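Look at the model first.

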Amino acid sequence: MNRRTTLTAAASAVALAGGLALAGCSSSSDDGSGKPELKVSGAFMPQPVSDMAGGFLTIRNDSGTADKLTSVTSPLSDDVQIHETKDQKMRQVASFDVPANGELRLERGGNHIMFMNIKQKPKQGEKVSVELHFEKSDPIKVELPVEARNHNPAKH
C-alpha cells in the first residue's frame, strides 16, 4: 500500500506539473497575444524592361495578431520601395497592414514592391532575393521567380 500511495502521488505530481505547464501555453491564433504567423506565397517579378521592376506576392497571417510590412530590401536595388495604387496613381507608403487572420496581397494594378534603379535586369527563369521586414515579426527571405513581362496569375 505504501508503494501504491507513492506511485499515485508521483503520478498526480506529474499530471499537475504537466497541467500547469500547459496552462502557460497559448496559441497566438487564439488570443492575439503572440507573434504573428506569416507565410508568403505567389511571389514573382515580371522581367524588367527598364531600370525599375515590380514585385508581387501574398503575405498570409494565420494568427490573431496583426503586423505591418515596413520595408523590403534586395541586392538587386539599393532603393526598394513599397507602393500603393489609388485612383490609378502609384505612391510610396511607409508600411502596409498585414491583418490578423487575413492577408496582404501585393499584385498588379494594386499595392506592390517597386525596385528603383536596379543594378541589372534579371531574365525570365532567374530568381531575385528579397527580405521582407515587419513591425513585429522576424524578417522573411523570399526568392521572386522572374516571369514573362505579361505574367499575371489568376486572382482567387
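Two strands pair if DSSP finds at least two bridges between them. Helices (H or I, at least four residues) and strands (E, at least two) are DSSP runs, numbered from the N terminus. The model is predicted: local features need pLDDT of at least 70, side-chain atom pairs count only at pLDDT 80 or more, and totals for chains, interfaces and linings use all residues. Residues are numbered from 1 along each chain as its sequence is written, and side-chain values use heavy atoms, without hydrogens and water.

Of the contacts (heavy atoms within 4.5 Å) with a separation of 6 or more, 70% link residues 24 or more positions apart.

Of the 156 residues, 34% are buried; buried means under 20% relative accessible area with a 1.4 Å probe, protein chains only. Strand 2 (residues 53-61) has eight of its nine residues buried, so it is largely enclosed by the rest of the structure.

Which strands pair with strand 2? The table gives them.

| Partner of strand 2 | Sense | Bridges |
|---|---|---|
| Strand 1 (residues 38-46) | antiparallel | five bridges |
| Strand 7 (residues 102-106) | antiparallel | five bridges |
| Strand 8 (residues 112-116) | antiparallel | three bridges |

A hairpin of six residues connects strand 1 to strand 2. Lys39 bridges to Arg60 in strand 2. Asn61 has Gly102 of strand 7 as its bridge partner. Gly54 is bridged to Met114 in strand 8.

Note on methods
Buried means under 20% relative accessible area, exposed over 50%, partly exposed in between (1.4 Å probe, protein chains only).
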